Amino acid sequence: YTLSLHDALPILEQHRDHLGKFVPVPVRRLLAEHPEAPDMVRRERDVSVMFVDIQGYTRMSERLGKEVVEHLVDTYFSSFAEEIWQRQGEIVETAGDGFMAVFENPTHESLAAQAAVALQARTAELNTKHESEFPTVVVNIGIKSGPALVGLSKLGGKTDERWAYTVHGPTTNLAARIADYATGGQTLISETTANELAGKFKMQDRGPGEFKGVSRAVRLFEIEVPTDASTPGAAIASEED
């Protein structure tokens with residue numbers, strides 16, 4: 001049995017839509033720009049990398065059980081993803097208690113900071129909404145801006161191979177370290193990021209941070225979440241004030 005082109009197109013479009021959910025937006029962009037031979041080369045780009053972690057995840061998992069914790073993470077991270085995508089960011093890596101997002105837009109520092117404020121506002125909102133269902137969730141965020149190798153990496157051996165969208169380099173490593181350093185719901189950023197955000201966000205100088213594998217101390221700043229940031233739009237408003 002052979003389908004006509006007219007009958008096959010809706011099926012192909014349906015498969016494309018389903019597969020699109022698993023393909024990062026930057027990869028879709030590469031395929032659209034170079035359908036015959038996608039650009040597989042990783043290139044150095046100036047980006048902002050954000051790591052987001054739930055504080056006390058291991059203890060929470062032991063106390064609540066697998067199903068409850070999975071529901072909690074799905075609830076919070078689904079809401080967080082909306083804020084990341086609205087600001088042209090892309091989630092490129094996930095773990096049980098956190099994820100990494102990258103912002104490549106020319107105004108990536110500002111967009112990453114907006115997203116961070118929005119994520120903290122969403123956390124407070126969801127904590128109130130689900131106070132009878134989940135324990136209070138505390139989210140720590142680390143952001144570092146700078147050059148990184150961004151693009152597709154080939155994984156596999158002789159029998160099979162896959163391509164993954166990756167972000168590599170010291171900028172990524174330091175963003176992860178900063179997120180680990182943050183505590184109590186902090187959003188910490190590097191000095192290079194803070195310099196680009198001067199006058200746009202309220203920040204507190206938290207002094208130097210010492211990190212394993214980093215030869216020099218890194219000066220850190222904490223982005224203050226506005227007390228009225230109870231809605232996602234407050235993140236944008238805070239920059240415009």
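A: A residue is called buried when its relative accessible area is under 20%, exposed when it is over 50%, and partly exposed in between. The model is a predicted one. Thr 94, which belongs to strand S2 (residues 89-94), has a relative accessibility of 60% and therefore counts as exposed.

As background, the chain contains eight helices and eight strands, and 43% of its 241 residues are buried. Its accessible surface comes to about 13900 Å², with carbon and sulfur atoms contributing 52% of that area. Among the contacts with a separation of 6 or more, 68% are between residues 24 or more positions apart.

S6 runs antiparallel to strand S8 (residues 218-223), to which three bridges join it, and the bridge partner of Leu 188 in S8 is Glu 222. At 2% relative accessibility, Thr 187 lies under the 20% limit and so counts as buried. Its side chain makes a polar contact of 3.2 Å with the side chain of Gln 120. Leaving aside neighbours within four places in sequence, the residues in contact with Thr 187 include Ala 116, Ile 141 and Ile 143, together with Phe 221, Glu 222 and Ile 223.

Helix H5 (residues 108-129) holds Asn 127, which is buried because its relative accessible area is 16%. The side chain of Asn 127 is joined to that of Tyr 76 by a polar contact of 2.7 Å, and beyond four places in sequence Asn 127 also touches Pro 135, Thr 136 and Val 137.

Tyr 76 leads on to the aromatic residues, for it forms one aromatic cluster with Phe 77, Phe 80, Phe 99 and Phe 134. Phe 77 and Phe 80 both lie in helix H4, three residues apart, which is about one turn of the helix, and both are buried. H4 (residues 66-86) is also the place of Ala 81, a residue whose relative accessibility of 7% is under the limit, so that it counts as buried. Ala 81 and Ile 91 are ten residues apart along the chain, with their C-alpha atoms separated by 7.5 Å.

The count of aromatic pairs comes to five. One of them is that of Phe 77 and Phe 80, a tilted pair with 5.8 Å from centre to centre and 35° between the planes. The rings of Tyr 181 and Phe 211 have centres 5.3 Å apart and planes at 65°, so this pair is edge-to-face. Because Tyr 181 lies in helix H6 and Phe 211 in the loop between strands S7 (203-209) and S8, the pair ties together parts that are 30 residues apart in sequence. Tyr 181, at 41% relative accessibility, counts as partly exposed, whereas Phe 211, at 8%, counts as buried. Within H6, the buried residues are Thr 171, Thr 172, Leu 174, Ala 175, Ala 176, Ile 178 and Ala 179.

How values were computed:
Residues are numbered from 1 along each chain as its sequence is written. This is a predicted model: local features need pLDDT of at least 70, side-chain atom pairs count only at pLDDT 80 or more; totals for chains, interfaces and linings use all residues. Side-chain values use heavy atoms; hydrogens and water are left out. Helices (H or I, at least four residues) and strands (E, at least two) are DSSP runs, numbered from the N terminus. Buried means under 20% relative accessible area, exposed over 50%, partly exposed in between (1.4 Å probe, protein chains only). A polar contact is a pair of N or O atoms within 3.5 Å; within protein, one must be able to donate a hydrogen and the other to accept it, and residues adjacent in sequence count only if both atoms are side-chain atoms. Contact means heavy atoms within 4.5 Å. Accessible areas come from the Shrake-Rupley method with a 1.4 Å probe; for residues, only the protein chains shown count as cover. Two strands pair if DSSP finds at least two bridges between them. Rings of Phe, Tyr and Trp (its six-membered ring) pair if their centres lie within 6.5 Å; planes under 30 degrees apart count as stacked, over 60 as edge-to-face and the rest as tilted.
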